[in-house]
Amino acid sequence: MDPQHRVFLECAWEALESAGCVPEDFEGRIGVFAGAGMNTYLLHNVTANRRVFESAGPYQTLLASDKDFLATRVAYKLGLTGPALSVQTACSTSLTAVHLACQSLLNGECDLALAGGVSIGSPLKQGYQYEPGGILSPDGHCRPFDASAGGTVPGNGVGVVVLRRLADARRDGDPVDAVVLGSAVNNDGSLKAGYTAPSVDGQAAVVSEALAMAGVDAGSVGYVETHGTGTALGDPIELAALTRAFREDTEETGYCAIGSVKSNIGHLDAAAGVAALIKTVLALRHEAIPASLHFTKPNPELDLDSGPFFVNDRLRPWPRGERPRRAGVSSFGIGGTNVHLVLEEAPASAPAPSAELADEAADEDTAPVLLPLSGRTAEAVAEGARRLADHLEAHPGLRLDDLAHTLTHRRRAFGRRTAPVALDRAGAVAALRAVTPTGTTEAAEGARVAFLFPGQGTQYVDMARGLYRREPVFTAELDRCAELFAAELGEDPRALLFPAPGAAEAAAERLTRTEYAQPALFLVEYALAQQWTAWGVRPDAMVGHSVGEYVAACLAGVFELADAVRLVAARGRLVAAMPAGSMLTVFLSERELAPWLADGAGLAVAALNSTGLSVVSGPADAVDGLERRLKEAAVPCRRLHTSHGFHSPAMDGAVGPLVEAVHAVRPKPPLIPFCSNVTGTWITEQEATDPEYWGRHLRQPVRFADAAALLLADPSWVLLEVGPGHTLGDFVRRHGAWQEGRTVVGSLRHPQGREDDALLLRRSLGALWSAGVPVDRDVLRPGADGRVLRLPGYAFQRQRYWVEPDRAAASDPRLAAPRPADRKHPRHPRRRAAVGGAGRRHRPRRRAGRAAGRGGRRRGPGRRHRRLGAHRRAARPRSARPRRERLVAGPGRPRAGRRTARRAGPPGRDLAASGAPVQPR
């Protein structure tokens, strides 16, 4: 591919990022208008490498190399549906593209436009031979308007601007750097010295027309970025034309500065006009006019003393004043196509609150900020995070809310993701620097969420207190449940959950009792589920562990909330009234555990939590005996701190009353699928609505391991533990079906954890987004007052595919393209013949002797000459390809440089991606 196409495409993406535009989210059509320079890479590299040229074939080489496909390739790759036009007007190409983009916007053909140009030569580093009387400088310096000016210097560069109707940009909060008040384009025609010569009449006319289109007086223009090639012929003609146009409005002298970016970066050919535009926009934005270099003494033919202009030879402040600052930009092409734009400073915007004031206003209730990052590769994500951390440190006035807003709403979400969370700027920098490639997650397409609700034993005092203080949805839902439970329990469960100072120890003791533990778990898990749902994270399936299944059933519509509260409260009371018992975790599977329970003694399997992880329940003395025997046999086991032997024969007395209670509430079929603890698979409508099922649920073992296997068998499931701690997540991770790359996320800290509840919940939200779960973007960054920031662009992970010419071709240009006679067995001759035949017609020449030498059959001239035409066309594009006029769009950030060196100075980066909205007239 022509490097001009690749770099332009990259720059186009960066321009959209800088403007805060995500193409797939943009409501409207985006157009592309741009042009490219001559493809010397094709001439010097591709056709000079026989293996590469033959393997690609003429048609693919054409698609990857010709200027015709620059704009349309950008539209295809980025999914842009507005006009995609290639324009070629030599040196004025990219400014002509800007003019056409403005017209397309004002005509309603598109709603946002990319406009620019690119010119990159091969080899990248090369010099030139000076010719007296030519346009190139004798010493490698371009000195516009100087007495010693001798010509220009060629350079490589690319630039793109984003244009939009001003009213639309301001409505959507887009960053605006400058306003295009008016533009004009014309041609010199034949009234000039020669085809390549400039014309005072043509240039003066285009400047006058642009001022008229802008509706402004030339006296209000404070700066003109000229074409300024530094040639003995071009500079005096350009200044004479400018003076003639300005004298139509004003007789004032020496008030308007002029300059030329060619003195800084050389002549960028097809990208020269947009480079001039970018420089001028930056001058307006930063309120300073950069110096035009190498100017020491004015060219006497310019007659500057009597005209309105002076050469700006130093950095000059250009602050806002009572009148809006205005500037002109000129670009003139060989062949006579002239373009001029009139710009005005962007409307003043209200100053953003400083980061210092935001930090002073922050307190312990400040909501954590989530920073969603994504890329095509893990390395791109990590590099992007590092650049963002550097940017934060370099811009201390940047607000974290604005950063989150831009990343959330104005950047595309790619497949590889991570989402650091921070409470302040320092925390954000640290979190960003901690991002590594291995810490990123591949977002699954079609990711689905399964809620996991833990059971008794995970509760603790102050669980979710941070959320209760900060998250309105969680607070409201918990209050609603607590009030319902208060009527059943005879006291407010919030007093146990969030005890007053000094009452924590007593609350913790009471919270271990089943009649309080189960209601407390239910109301916290239910409120958490409602909080996740409000954030757009809705369950596609659910699994509850023991009492957790009641939360799943309530959310699925089996029980109304009030009925579920009554059942959970009744269940807790019934279980609490049963005989005391104990429970023991054993690191054996159900089959391995069976022989240990064969002697009866009231022991039963209470839960199958994971692969090789079971729980035994029963009378305390029986559990003690089992524990002793297991330890003697070196079988790992661990005692659980419980008051009863749940899911064992000790619960038989509670089954009947619970079934009667379920009969009274009339359960309904589930609207959301959830797994049954009893069967370990999806619950059926008959089971969910059968009161006897809920009796068996109290008595039978919890088959969570089977439910986990069901979910882990489908890689699209993302598991979210909705409750305190990470017990169920640990069960899933140690399951035999667990694979690296799967995602299981918690919601609340472990009892021994000290992490902020809100911070952890936001981190979990980021983990879900990273895994591909659809999340409401307004939740990722709440609030609509965020500003769009100019942030570092995408961290492209470049790979080198540069085609080097064959050694023989490099030493002898005549060997650059392969000859037909050199191919003994050409592949796909018909395809090559067809493509070659489209190039040009050749007069057939008969070669009877050669034909006779191939089996006596006389070959028709058409096929051989069509193939020959294709190769001639590749080897000699100037003679074989007719020059066409077209418009192309260019890559994201502007880059420019002389052919012997890279572009100098940072301003170009910011400018290339800056948006210059169009003033509707």
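Visitor: How many aromatic pairs does the count come to?

Guide: The count comes to 17 aromatic pairs. The rule pairs rings of Phe, Tyr and Trp (its six-membered ring) if their centres lie within 6.5 Å; planes under 30 degrees apart are stacked, over 60 edge-to-face and the rest tilted. This is a predicted model, where local features need pLDDT of at least 70 and side-chain atom pairs count only at pLDDT 80 or more, while totals for chains, interfaces and linings use all residues. Numbering starts from 1 along each chain as its sequence is written, and side-chain values use heavy atoms, with hydrogens and water left out.

Visitor: What sort of pair do Trp-682 and Trp-717 form?

Guide: A tilted one, 6.5 Å centre to centre with 45° between the planes. Trp-682 is in the loop between β24 (674-675) and α25 (685-689) and Trp-717 is in strand β25 (residues 717-721), so the pair ties together parts 35 residues apart in sequence. Helices (H or I, at least four residues) and strands (E, at least two) are DSSP runs, numbered from the N terminus.

Visitor: OK, sheets now. What's the strand order in the open sheet of 6 strands?

Guide: That order is β5-β12-β11-β6-β7-β9, and the pairing is mixed. Two strands pair if DSSP finds at least two bridges between them. β5 (178-187) and β9 (309-311) are at the edges with a single partner strand each, so one side of each has no neighbour in the sheet. From one strand to the next, the twist averages 20°.

Visitor: How many bridges go between β11 and β12?

Guide: There are 7, joining β11 (residues 326-332) and β12 (residues 337-345) in the antiparallel sense. Ser-331 stands opposite Val-339 in β12.

Visitor: And which strands does helix α7 lie across?

Guide: Helix α7 (residues 200-214) lies across β5, β6 (221-225), β11 and β12, at about 145° to β5. Helix α8 (residues 234-246) packs on the sheet too, touching β6, β7 (256-259), β9 and β11, with its direction at about 145° to that of β9. Axes here are lines fitted to C-alpha atoms, for helices over the stretch in contact, and angles run from 0 to 180 degrees between N-to-C directions. Contact means heavy atoms within 4.5 Å.

Visitor: Switching to helix pairs: at what angle do α5 and α10 pack?

Guide: About 70°, with the axes of α5 (residues 93-106) and α10 (residues 272-286) 4 Å apart. They are therefore roughly perpendicular; under 35 degrees counts as roughly parallel, over 145 as roughly antiparallel, 65 to 115 as roughly perpendicular and the rest as oblique.

Visitor: Which residues meet there?

Guide: Ser-94, Leu-95 and Val-98 in α5 meet Ala-272, Gly-273, Val-274 and Leu-277 in α10.

Visitor: And how do α19 and α29 cross?

Guide: The axes of α19 (residues 514-534) and α29 (residues 757-770) come within 12 Å and cross at roughly 50°, so these helices are oblique to each other. Leu-528, Gln-531 and Trp-532 in α19 meet Leu-761, Ser-764, Leu-765 and Leu-768 in α29.
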